[in-house]
Amino acid sequence: MIIILLGQEALCEEMHAFKEFYEIRVNLEGSDQNSISNGMRDAIKLIIVKVSGTSNIIKEKKLRQEILKPEVYINEYKLDSLQDGKIYGTFSFDGNEIRKLLSKNGLPLWIGSSEKILSYLPCSFETSTFETDFASNKEICIKTKLELDGLASARMLTTVEPIMDLTEMDLLELLQPKSILFFLDSLTKRYDLDKWISCNINDGFGLLMEEAKCISSSHREKLLPLQEAVTLFADNLYEDMQ
């Protein structure tokens with residue numbers, strides 16, 4: 001009897017995890033039907049990218065008509081708002097139908113698990129800054145980290161942040177003047193990982209930038225805006241693995 005109950009509990013957990021995987025949360029312009037419909041179209045693009053492992057798939061002509069009728073693939077949705085006053089829609093897609101859509105059109109399906117990557121934000125470990133409003137800088141840093149984690153999660157990436165203990169701080173001090181890239185490669189290996197992404201909110205003079213800029217193990221020399229950087233990083237990663 002206990003074995004049956006454990007099996008049922010495990011099955012429930014698996015089904016819950018399956019449902020969560022196919023849930024997409026997007027910001028809506030309002031709570032009217034037109035805003036919800038636009039949100040559905042944004043959400044189906046995101047779930048297709050997540051399930052396929054590539055952002056380029058959205059350009060496929062085979063999917064254009066399906067993206068215009070996302071309600072066919074949605075089981076349920078709910079609206080909510082946070083303290084920031086924005087309205088969000090959480091859309092639960094029918095996983096079987098989404099995978100069937102890609103399969104029947106001969107499009108890629110990502111069947112692997114979430115990949116762990118090193119995420120390094122220098123602002124998370126700074127104790128001083130050129131900016132006079134240090135608290136404001138830290139708030140922007142936290143928001144950047146949350147945005148990075150969210151974008152990474154949407155692409156089946158799990159971010160691992162270094163603890164930056166004395167050994168790692170010494171390594172940074174030793175290598176950073178010569179090569180921040182070599183430091184990031186060394187730091188990544190210390191956590192038994194292969195890939196990394198690093199984002200800065202300050203420029204080379206310590207001044208706050210309008211938006212965070214990132215480099216990664218897949219675009220080592222080119223600073224890109226956060227969303228563009230995660231998209232390129234994930235596309236390159238899954239292209240190599242498929």
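Met 164 lies in the loop between β5 and α6, where helices (H or I, at least four residues) and strands (E, at least two) are DSSP runs numbered from the N terminus. Met 164 has a positive phi of about 55°, although it is not a glycine. At 9% relative accessibility, Met 164 counts as buried; here buried means under 20% relative accessible area, exposed over 50%, and partly exposed in between, with a 1.4 Å probe and protein chains only.

A word on the model itself: this is a predicted one, in which local features need pLDDT of at least 70 and side-chain atom pairs count only at pLDDT 80 or more, while totals for chains, interfaces and linings use all residues. Residues are numbered from 1 along each chain as its sequence is written, and side-chain values use heavy atoms, with hydrogens and water left out.

Another methionine deserves a look. Met 156 sits in the loop between α5 (134-154) and β5 (157-160). Met 156 also has a positive phi, of about 60°, and is not a glycine. Met 156 is buried, with a relative accessible area of 11%. The two methionines are set out below.

| Residue | Loop | Phi | Relative accessible area |
|---|---|---|---|
| Met 156 | between α5 and β5 | about 60° | 11% |
| Met 164 | between β5 and α6 | about 55° | 9% |

In α7 (residues 180-190), the residues Leu 181, Phe 183, Leu 184, Leu 187 and Thr 188 are buried. They cover an arc of only 155° around the axis, so they fall on the same side of α7; the arc is that of the directions from the helix axis to the C-beta atoms. What do the buried residues of α7 pack against? Their partners are β4 (115-120), α6 (166-175), β6 (196-202) and β7 (208-216), with contact meaning heavy atoms within 4.5 Å. Just after α7, Asp 192 takes a positive phi of about 60°.

Now to the sheet. Three strands form an open sheet in the order β1-β3-β2, with antiparallel pairing; two strands pair if DSSP finds at least two bridges between them. The edge strands are β1 (23-28) and β2 (74-81), each of which pairs on one side only. From one strand to the next, the twist averages 20°. Helix α2 (residues 33-52) packs on this sheet and touches β1, β2 and β3, and its direction makes about 135° with that of β1. For such angles, axes are lines fitted to C-alpha atoms, for helices over the stretch in contact, and the values run from 0 to 180 degrees between N-to-C directions.

How many bridges join β1 to β3? There are 6 between β1 and β3 (residues 87-93), which run antiparallel. Within this pairing, Asn 27 stands opposite Tyr 88 in β3, and Leu 28 stands opposite Ile 87. β2 and β3 pair in the antiparallel sense over 7 bridges, and the bridge partner of Ser 81 in β3 is Ile 87. As for cover, β3 has 6 of its 7 residues buried.

Finally, the whole protein. Its secondary structure comes to 8 helices and 8 strands, and buried residues make up 36% of its 242 residues. Among contacts between residues at least 6 apart in sequence, 62% join residues at least 24 apart. The protein exposes about 14,600 Å², and carbon and sulfur atoms supply 54% of it; accessible areas come from the Shrake-Rupley method with a 1.4 Å probe, and for residues only the protein chains shown count as cover.
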